[in-house]
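Here is a short walk through one protein model. Keep the sequence and the 3D view side by side.

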Amino acid sequence: MSYADMAAKGPKQSPEEVTVTNPTSSAAPQMPEVEHTDESTSSLIDVDSPHISSVPSDFESQSVKTDTQADRIEREAEDAKITAEKKASEAKEKAKGAAGKAKSKAGLAGKRMNDNKDNPVVIGNAVLIGLGSAGLGYAAYQKYTAGEFTWKVAGAFAGIVGVFATADYFISSYLFQKYPPKK
């Protein structure tokens, strides 16, 4: 069954619907009209005028092409300057605070070292660290001059330092129970 057959069986259309959906019916649809006004056209661009605005041939190579773009770039530069000044002042304040904290920590550490300069555990650690560093440095220099200093050797030296630091921690913890540091 075709669409035309189905449409013929459906409900009949009213005369208003027939004129809207079927322009070939007895009543023709209304023609659109142009609205007539007497408004002035002086604000429109006159395309027949002899004045022609053109851009220079190097227009595409210019970094700033319009006044609006120039204003925007100027505002962005001012905003960037203000932001940079604000960040600089915040960084100065942060640096002052950090310097004060570091100075107080250094003073506290210096005081603790001065108070514990006669503690045998501290003296023993200082001597062992000095001798161990000198021995590893000399061995590394000997390997380097012989052309045998490789990443494997550097890793072995790092492992030696790690083992020594771990052993020193546990031994010092035990000895600090016998000879506690002054606070």
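What follows covers a helix pair, its database annotation and a pocket.

This is a predicted model, in which local features need pLDDT of at least 70, side-chain atom pairs count only at pLDDT 80 or more, and totals for chains, interfaces and linings use all residues. Residues are numbered from 1 along each chain as its sequence is written, and side-chain values use heavy atoms, without hydrogens and water.

Start with helix α4 (residues 120-145) and helix α5 (residues 151-178). They pack at about 170°, with axes 12 Å apart. Helices here are DSSP runs (H or I, at least four residues). Axes are lines fitted to C-alpha atoms over the stretch in contact, and angles run from 0 to 180 degrees between N-to-C directions. So α4 is roughly antiparallel to α5 (an angle over 145 degrees).

Contact means heavy atoms within 4.5 Å. On α4, the contact residues include V121, L128 and L136; on α5, they include F157, F164 and D168. By class, this contact has 14 nonpolar, two polar and two charged residues.

UniProt, in an unreviewed entry, places "transmembrane region" at residues 121-141 and 153-176. Such annotations may be inferred rather than shown by experiment. Residues 121-141 are 100% helix, with end C-alpha atoms 30 Å apart. Residues 153-176 are also 100% helix, and their end C-alpha atoms lie 34 Å apart.

Finally, look at the lining of the largest pocket, where V122, F176 and K182 are among the residues.

Conventions
Helices (H or I, at least four residues) and strands (E, at least two) are DSSP runs, numbered from the N terminus. Angles under 35 degrees count as roughly parallel, over 145 as roughly antiparallel, 65 to 115 as roughly perpendicular and the rest as oblique. Ala, Val, Leu, Ile, Met, Phe, Trp, Tyr, Cys and Pro count as nonpolar, Asp, Glu, Lys and Arg as charged, and the others, Gly among them, as polar. On a 1 Å grid over the protein atoms alone, a cavity is a set of points where a 1.4 Å probe fits but cannot get out, and a pocket is an open set with protein on both sides within 12 Å along at least five of seven lines; lining residues have an atom within 4 Å of a point.
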